[in-house]
Amino acid sequence: MSSLSTPYVEDRRGGLPRTLVWLGLAAAIGVVLFTVLGRFNSEYAYLAAYGVLQYVVLATGWNILGGYAGYVNFGAAGFYALGVYGSVFLYKLFPDLPVPVMVLVAAGVGALFGLGMGYLTLRLRGVFFSIGTLALSVILHTVIVNWEFVGGARGAYIIRPEDAPFFSSYAAYLCALMFVLAVIAVAIARTVQHSWLGRGLAAIRDDETAAECSGVASLKLKLAATSLSGAVLAMAGAPFPFFITYVDPATAFSLTVAVNTIAMPVIGGMATWIGPVVGAVLIGSLQQLATVTISSSANLLIVGLLLVVFTSIAPFGIMGLLSRRRTVR
Amino acid sequence: MSALAQTTNPLILDASGIVKRFGGFTALDGVDFTVRPGERVGLIGPNGSGKSTFVNCITGALVPEAGRVLFEGADITRLSAHRRARMGLARSFQIPRPFKGMTIRENIEIPLAFAAGETSRRKSAERAGEILHSVGLGPRAADLPASLSQVELRRLELGRALAANPRLLIADEAMAGLSDSEVDEILELLVRLNGEGIAVILIEHIMRAVTGFCERIVVLVAGKKIADGAAAEVMRHPDVERAYLGQ
Ligand SMILES: Nc1ncnc2c1ncn2[C@@H]1O[C@H](COP(=O)(O)OP(=O)(O)OP(=O)(O)O)[C@@H](O)[C@H]1O
Ligand SMILES: [Mg+2]
């Protein structure tokens, strides 16, 4: 197990060209997306795109633990809020710090929090683990509400720059940043899926006791998964204060974030990296559409109904419906 | 135990004074159990006598309240299950526990990679093919476990244990519920593995399998060892007849 990035030594050969193909594909999607957004050139278009991309990051990050290892983290909003408030905290100290730096800090803090959460809860299995993560999220919420430096219950205002170099607006810049984060998140999830880590996590998901007896160091692998997952989830929240310029605990720990982050991988399919992406793009777009045509309060209703439909008739999600081997990794 | 004694320990498994309690219930009450390299040992006892619990204490799924487990001279009493698997201690489960989302071949490749440390795709595929062939699952390599019959699932259990490259294999009721000819198939397989130098602990209710396969038999009743010796001797033991065969 010399290299974590690939399951077998032979796989290391030819890794670079494949990576370049994927990067090229991501760049092409980015160019198309931002050309279209440029045509609209409205704040709302960027807002909508930002929202969808943010969910790609959240769903993808959550799935590293929830989908690959089968450990359902109910505390996704907690990690997201960690990123949001990490930025608020840094902004209060260094108002001129570039947002990408804040994203990096959020990733580090998220990974540490994920590791800590893992140590506290990973010995619990199934629903007890999930309840543990929920409890940690509630504790974090209480801490933020009572922490005056980051605005406490009242919330905090952020004054963002008027514009960003190379971009038509600051919103366009943040949207592009979120696109890059989505690419990074997907790259991490895809790498994990095809690595030793992913194979071990799949064994843990199928049967943890049998995995241990097959030599899989389950606790170590699960801690790696919680850390990676936590890093990506927190990363997703870091640019948010600059996007809406005012945050309070209710927005950062919102039920919508908590529910969507779990629902999107479940609906898209949790076995591979592509499921959460499909789920996030589909449901995220649907919700944006509902927000303009009906009302934003329809969002949770939509995702709730879809969840009921999918968990009862298509437990392996959209990708499961498309795939011949239903639980294929 | 001195360093010298450790390196010259002639036993592959040396468990002594194993105690395991579930709440107020004592499932194992000071069990001693030894296995020599390459030996075939039977572990028998009525339902609920603690056989599977003993296996769990040996393989690391449970931690005993008291006692000590030595594997090839090293103290593994508190070692995690995956480390024991990597050291060469493998088991099959009484109720098959396949990795349901993986193909049969992938099921084999998990212990190949994680316990036996196989990092070459070519060698892993080769070895998985050999193992699947030896347990008679060659043609099923690309199938999912859900499509396997009961006897095939038992063979997968043994194949997966085998893939860990074990020095000691614990087969927990690998034959329960199988037909006579299927029992013979599994027995043949175990004989073959034993011929390759793997010590085997056979836990079984099917007496003809136990007496036919094992050189030595250990009898557990209500968490206590009541007999330990050559197969023929143990089967004649009056306590064994009364406690186990008599019922
Ligand atoms: N996790 C557990 N919690 C509580 N009691 C347990 C647990 N595991 C086993 N027991 C109890 O310990 C006793 C021994 O069980 P064990 O499974 O070891 O028996 P066994 O000899 O393997 O029986 P069988 O022949 O039916 O497989 C039983 O009374 C069982 O109910
Ligand atoms: Mg048993």
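Modeller: The model shown here is predicted. Two packed helices are described by the angle between their axes and the distance between the axes. In chain A, helix 4 (residues 99-121) and helix 5 (residues 127-145) pack with axes 10 Å apart, at an angle of about 130°.

Biologist: How are helix 4 of chain A and helix 5 of chain A oriented to each other?

Modeller: Angles over 145 degrees count as roughly antiparallel and 65 to 115 as roughly perpendicular, with oblique in between. The angle of about 130° therefore makes helix 4 of chain A and helix 5 of chain A oblique to each other. Their crossing is right-handed.

Biologist: At what angle do helix 7 of chain A and helix 4 of chain B cross?

Modeller: The axes of helix 7 (residues 196-206) of chain A and helix 4 (residues 104-114) of chain B cross at roughly 125° and come within 11 Å. Helix 7 of chain A is therefore oblique to helix 4 of chain B. The crossing of this pair is left-handed.

Biologist: Let us turn to the ligand. Which residues come nearest to ligand 1?

Modeller: Around ligand 1 there are 14 residues, of which Asn47(B), Gly48(B), Lys51(B), Ser52(B) and Thr53(B) come nearest. By class, this shell comprises 8 polar, 4 nonpolar and 2 charged residues.

Biologist: Which atoms of the protein lie by the oxygen atoms of ligand 1?

Modeller: A polar side-chain atom of Lys51(B) is 2.7 Å from an oxygen atom of ligand 1. For Asn47(B), a side-chain N or O atom lies 2.9 Å from a ligand oxygen atom. Ser49(B) instead places a backbone N or O atom 3.3 Å from an oxygen atom of ligand 1. Of the 640 Å² of accessible area that ligand 1 has on its own, the protein covers 61%.

Biologist: Which elements give two or more residues to the shell around ligand 1?

Modeller: They are strand 2 (25-35) and helix 2 (51-59) of chain B. Helix 2 of chain B gives the most, with 3 residues.

Notes:
Residues numbered from 1 in each chain as written. Chains lettered and ligands numbered in written order. Predicted model: local features only at pLDDT ≥ 70, side-chain atom pairs only at ≥ 80, totals over all residues. Heavy atoms only, no water. Near = heavy atom within 4 Å. Polar contact = N/O pair within 3.5 Å; in protein donor to acceptor, adjacent residues only side chain to side chain. Areas by Shrake-Rupley, 256 points an atom, 1.4 Å probe, with all protein chains shown as cover. Helix = DSSP H or I, 4+ residues; strand = E, 2+ residues; numbered from the N terminus. Nonpolar A, V, L, I, M, F, W, Y, C, P; charged D, E, K, R; others polar. Axes fitted to C-alpha atoms, helices over the stretch in contact; angles between N-to-C directions. Parallel < 35°, antiparallel > 145°, perpendicular 65-115°, else oblique. Left-handed = near helix turned anticlockwise from the far one by under 90°.
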